[in-house]
Structure formats: C-alpha cells, structure tokens
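Please keep the sequence and the structure in view while reading.

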Amino acid sequence: MRIAGGTIRRNYLRNYTRNYSDKYNSENKISTNRQFQRASQSPIAAATALRVRKSLAELETSEKNLNSADSIYQVAESSMMTISGIIQNTYEKLVEGAHGTRNPDDLEIIAKEVENYAEEMVQSLNVDVSDRKIFGALNNDTNAFAIERSATGEKYVTYNGVPVNSSSDPNDFPYSGTSYLDIGIGMAVDGSTGRIDDQTALPITFNGAECTGCGVKSRSALVHLESIKPGSVYKLSVSAGGVNRVIEFNGGDTEEQTVENINTALRDAFQLTPEISADGSIKYLDNIEGYTETRILNYKNAAISGTPAVDIKNMQAGNYYSLEIDANGKNRVIDFEADADINVTLDNIRKALDEKFGDDAPEIYSDGIFRNSIGQPCEVSNTGNYTNDIALNADGTMNLGALTPGSEYTFNINGTKITFTAGNNVDETVEAINKEFAKPYAFDLPEVPFITEGGNLTHKDDSVSVVIDNIPGATNQVEFSEINGYSNNIMQLVLDAAKALRDGDQQLVARYADLIYDAQGSLSIAIAELGTNDKFIEFNQDRISEIKINLQERQNDLEITDLPSEITNWKVLESIYNATLQMGASVVSMSIFDYIK
C-alpha cells in the first residue's frame with residue numbers, strides 16, 4: 001500500500017512537536033523544581049496543594065502569634081520576678097527601720113529608699129511590649145499604674161486612673177478585660193456572653209490590679225464637718241467600688257444640712273437616675289451610658305374573662321400591661337409592652353415570663369390563656385386600676401399641666417415602672433416623680449457611698465472602700481482623715497510603709513513589713529500562672545512545628561520535583577528528541593537551500 005508523502009510529514013511533525021514539548025516540560029520541572037506551573041496541568045494535585053498552602057499559611061500566622069506571645073510572657077514573667085526581688089529588698093529595709101534606735105534623719109533616708117522601690121515597681125509594671133501595655137488589661141493608650149500625690153501631700157497608687165484602694169474586685173476598674181491572641185487551637189466566641197472563650201485563645205494582657213492586689217479592709221474617710229464653711233462651694237474626688245466621681249456641694253448652715261448636701265451630691269454622681277424637668281422632658285445624668293432616647297408609655301388594664309383568659313387581640317399597641325400570675329407554686333408580676341402584631345405581643349409576654357419565673361415559667365397561648373407545667377389554666381389578674389393616662393406632647397415629653405391633682409398615674413420609662421401622685425402644681429408633680437426616680441428599687445440601683453451625721457464617708461457594703469481627695473487647685477479644701485484598713489496592693493503598702501517611717505511609728509512599720517512579706521503570696525500565684533501559660537506556649541510551638549513538617553512533606557510530594565528521577569527522564573526525552581531530528585532528514589523533502597553551500 002502506498003502512503004502519501006504529506007501524511008508521513010504530518011505524522012512526523014506531530015511526533016516532533018510532542019517530543020519537543022515533553023523535553024521542554026521536563027527541563028522546566030528541573031529548572032523550577034516544581035511539578036507544575038499552572039493548575040490546568042494537574043487540577044487534582046493543584047487543588048490539594050492549595051489546601052496544603054492555606055494550612056501552612058495559617059500555621060505560620062499561629063507560629064508568629066506564639067512567638068509574639070512568648071516574648072510578652074517572658075517580659076511579664078521578668079517584670080514579676082523583678083518586683084519579687086524589690087519586695088525582698090523593701091522587706092529588709094522595713095525591718096531595718098522598725099528595729100533599733102533611729103533618729104528622724106535615718107528614718108527619712110530609709111523612707112526615700114522605700115518610696116524609690118515603689119516607683120521601680122510601677123516602672124516594671126508599665127512595660128510596653130509590641131505596642132501593648134501588658135499589665136493594663138484593655139488599656140493600651142496610657143500607663144496602667146501611676147503614683148499620684150493628694151492635696152495633703154500623701155502618695156497613692158492608681159490603676160487606669162482610679163485609686164487601687166477603691167475596690168477589692170479587680171474587675172471593677174476601667175478597662176478590666178483581657179486581650180486574646182489566636183494561636184491556632186480554634187478561637188471561638190461564647191454565644192452567651194459575646195466574648196472570646198478563654199479556653200480557645202491565649203491571653204496576652206493582664207489585669208495589673210489582680211496581679212498586685214487592690215482594695216483595703218473597711219477603709220473610709222472622716223470629713224471634719226466643723227471645718228466646712230456655710231455657703232462655700234467644695235469639690236471632692238470620691239472613689240468607691242472601682243468608680244471615681246467628682247462631687248460638688250455647698251456648705252450648709254448646719255452640719256446636718258452639710259451632710260444632706262453631700263449625700264445628695266453622692267446620689268447624683270453614683271446612682272445615675274433620670275430626672276424630669278418642669279417642661280415634662282426626662283433626661284439621664286451626663287455620666288449615664290446606654291440610653292440614647294427616653295420612651296414613656298402608659299399602663300392599661302387588660303380585659304380578663306372568667307376562664308381566665310386575657311384579651312390579647314384587643315390590647316392597645318404602644319402601651320404597657322401589668323399582670324399578676326399564679327403558676328407552678330409561684331406568684332409573679334410581669335410587665336410587658338403590647339404591639340399591633342399579636343405575635344410580637346406574645347413574644348414580649350414570654351420574655352417577661354422567663355425573666356420572672358425562670359425554668360418554672362408558664363406558657364401563654366394565642367387564646368390568652370396562661371397554662372402551667374401540667375397544662376392547667378393559671379390565675380391571672382391586673383395589678384392595679386390604670387384608668388389615668390398621662391398626656392404626651394408632640395415631642396414625647398409629659399404634659400404635666402394636664403394632670404389631675406391628687407390622682408395616681410403609672411407609666412413605664414425604658415422598661416422601669418413608675419407610679420406617682422400628681423401634685424397641686426407642676427413643681428410638686430416634678431418633685432413627686434423625681435422622688436420615685438431616686439428610690440433605689442426603681443432602677444435596680446446599686447448602693448452608693450454616703451456620709452453619716454458624724455462625718456464618716458463610707459459605704460454600706462463592708463467590702464467596698466471609699467477613698468476621697470480634694471481637687472488640686474480648688475479654692476476651698478475639705479479637711480478629712482482616712483480611717484481603718486491596710487491596702488491590698490503591694491505598691492500602696494510600700495508607700496504607706498514609707499509614710500509610717502516618716503511618722504516614726506516603728507510598730508506600724510513592723511506591721512507593714514509583715515504585710516509586704518505576706519504580699520509575696522499573691523505575687524507568687526501570678527508568677528505561677530504566667531509560667532503555666534509559658535509552658536502552654538512551648539507545647540503549642542512544638543505542636544505547630546510537627547504539623548508544619550508534615551505539611552511541608554505533603555507539599556513536596558504534590559509540588560516539588562524529584563530531581564534524580566526527572567533528570568533521568570529528561571535524558572531519555574532528550575535522546576528521543578535527538579532521534580526525531582535525525583529522522584527529519586529522511587522524512588522532510590530537500591529544498592534548494594540544501595544544495596546551497
């Protein structure tokens with residue numbers, strides 16, 4: 001059979017192109033040391049390699065985070081160990097000052113040395129690593145600790161701007177939170193709190209108040225009421241429970257009036273209650289947070305049939321209802337807002353039931369019947385006779401002038417129920433409403449600092465310490481003295497010990513020496529926790545290194561060329577290619593150029 005020359009040439013050229021391509025691809029693998037350059041060359045291997053690369057990138061991020069965390073923990077541990085050594089030196093100095101005969105000059109020298117130790121501790125705790133104030137909790141802008149001087153010249157320690165003596169709970173202080181770092185163990189957010197689950201990440205900042213101690217035992221201040229001048233204006237800085245407020249009050253004509261003025265100022269500063277003005281507008285004090293608007297809603301009586309069933313469908317939207325319910329052995333009062341959509345109203349009722357009854361909450365059905373855990377109807381009644389409505393102006397404020405004197409009114413303000421009796425004029429009505437606002441139970445308000453008739457400015461909770469000071473530069477200064485208590489903070493103890501040295505009270509100095517020695521205990525706990533986390537970091541660094549090696553080996557299998565095998569393959573392909581070129585002389589026809597010499 002005769003084969004045409006054109007067919008032979010086409011087959012030859014096709015084989016030539018394939019052999020050249022195979023040789024070129026092999027050379028490319030050898031020069032780049034990669035199995036493929038484009039995903040189209042090996043789609044399955046490329047997809048697998050991409051996943052491996054992603055895992056490696058995540059590991060590298062976690063590895064960098066761990067290295068950063070390791071640096072932070074090393075610095076934190078170094079700071080704690082430095083403080084531990086300073087405490088030992090302080091203890092020795094106090095023992096020296098507490099025993100033997102010392103003249104005032106000697107005690108002053110020791111006091112200055114002791115104060116310097118406190119300043120060294122502050123510097124160690126204000127260390128900055130990777131733009132983080134590691135002992136400032138969530139505060140990265142300013143130094144966490146500072147030594148301030150009161151108007152009377154006494155030194156005291158502050159943490160994030162608040163005296164460390166003001167609260168025994170380190171979480172009461174500003175910025176009292178924790179910064180976390182993702183180290184590749186599955187960082188997650190706790191759905192119930194909205195915060196990072198501390199079991200899934202590594203803390204990289206610490207609450208300095210917790211590490212060094214805070215608060216005092218039953219500390220208060222005695223205000224010298226006889227020194228306060230009638231009609232004069234005074235300002236005081238008051239710290240309690242980790243909160244610092246500045247109060248302003250007038251000296252009264254009598255000490256009793258002065259006490260009343262101070263207590264009013266304390267309530268205004270710490271209780272954060274709303275206030276109503278004569279124009280009917282309600283506003284919160286300047287230091288309240290979380291309220292951007294004020295909603296005033298009237299209460300209505302719910303129609304209840306004999307079943308008993310509540311007529312939910314005819315409830316008026318934009319009004320509150322108050323029901324007393326007996327269910328599962330409990331009697332509770334629920335308040336809820338009605339909506340134009342009955343389903344929304346039912347949801348509001350269910351939320352109120354869950355809040356008041358907890359796990360024993362009855363169920364409400366669309367027919368208005370409340371049923372207990374065994375399906376029986378519950379007894380339901382209105383909690384009052386809400387027949388008087390408060391007229392509201394167009395801007396949402398109360399029309400106080402339209403209220404009937406002597407009549408009782410009930411309204412809901414941002415979820416809180418308020419009942420008052422209208423006065424004979426607007427001023428009396430304003431006073432009656434504000435009086436209800438100020439009641440501690442009205443807004444679940446915390447207890448606030450108060451001053452007794454004897455001038456003792458204290459707190460009802462024995463665990464809360466009250467620390468006061470005059471405002472620097474104020475025209476009028478309040479004369480006071482601190483009462484009771486030793487600080488739980490190491491640095492504050494050192495400063496207080498220095499003051500005792502200057503006062504020449506060697507017995508008190510000896511007491512402070514014992515307290516500072518005992519303070520090593522809380523510091524040792526902090527050091528132990530740092531060491532535990534440091535070991536955790538080392539464990540995860542080793543874990544990541546092992547995983548990284550395995551992934552790199554997997555990446556090599558998928559992407560990296562086996563050079564010995566590929567070089568052998570290339571030699572074979574080169575030989576085939578050279579043989580193809582030799583065959584070309586027999587297959588491709590000679591042209592005139594082949595005869596030109």
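Helices (H or I, at least four residues) and strands (E, at least two) are DSSP runs, numbered from the N terminus. The model is predicted, so local features need pLDDT of at least 70 and side-chain atom pairs count only at pLDDT 80 or more, while totals for chains, interfaces and linings use all residues. Residues are numbered from 1 along each chain as its sequence is written, and side-chain values use heavy atoms, with hydrogens and water left out.

Thr458 belongs to strand S24, which covers residues 456–458. A residue is called buried under 20% relative accessible area, exposed over 50%, and partly exposed in between (1.4 Å probe, protein chains only). Thr458 has a relative accessible area of 18% and is therefore buried. Contact means heavy atoms within 4.5 Å. When neighbours within four places in sequence are left aside, Thr458 is in contact with Ser220, Pro449, Phe450 and Val466.

The aromatic rings come next. A pair of aromatic rings is described by the distance of the centres and the angle of the planes. Rings of Phe, Tyr and Trp (its six-membered ring) pair if their centres lie within 6.5 Å; planes under 30 degrees apart count as stacked, over 60 as edge-to-face and the rest as tilted. The structure holds 12 aromatic pairs. In one of them, the ring centres of Tyr299 and Tyr386 are 5.4 Å apart and the planes stand at 40°, so this pair is tilted. Because Tyr299 lies in strand S15 (residues 296–300) and Tyr386 in the loop between strand S20 (379–382) and strand S21 (408–413), the pair ties together parts that are 87 residues apart in sequence. Tyr299 is buried at a relative accessible area of 1%, and Tyr386 is buried at 11%.

A further pair joins Tyr409 and Phe420: the centres are 5.8 Å apart and the planes at 25°, so the pair is stacked. Tyr409 lies in strand S21 and Phe420 in strand S22 (residues 416–421), so parts 11 residues apart in sequence are tied together. Both Tyr409 and Phe420 are buried. Tyr409, Phe411, Phe420 and Phe437 make up one aromatic cluster.

Charges may also be placed over rings. This requires NZ of Lys or CZ of Arg within 6 Å of the ring centre and within 35 degrees of the ring normal. Lys417 lies over the face of Tyr299, 5.1 Å from the ring centre.

Finally, consider Val189, which is in strand S7 (residues 189–190). With 55% relative accessibility, Val189 counts as exposed.
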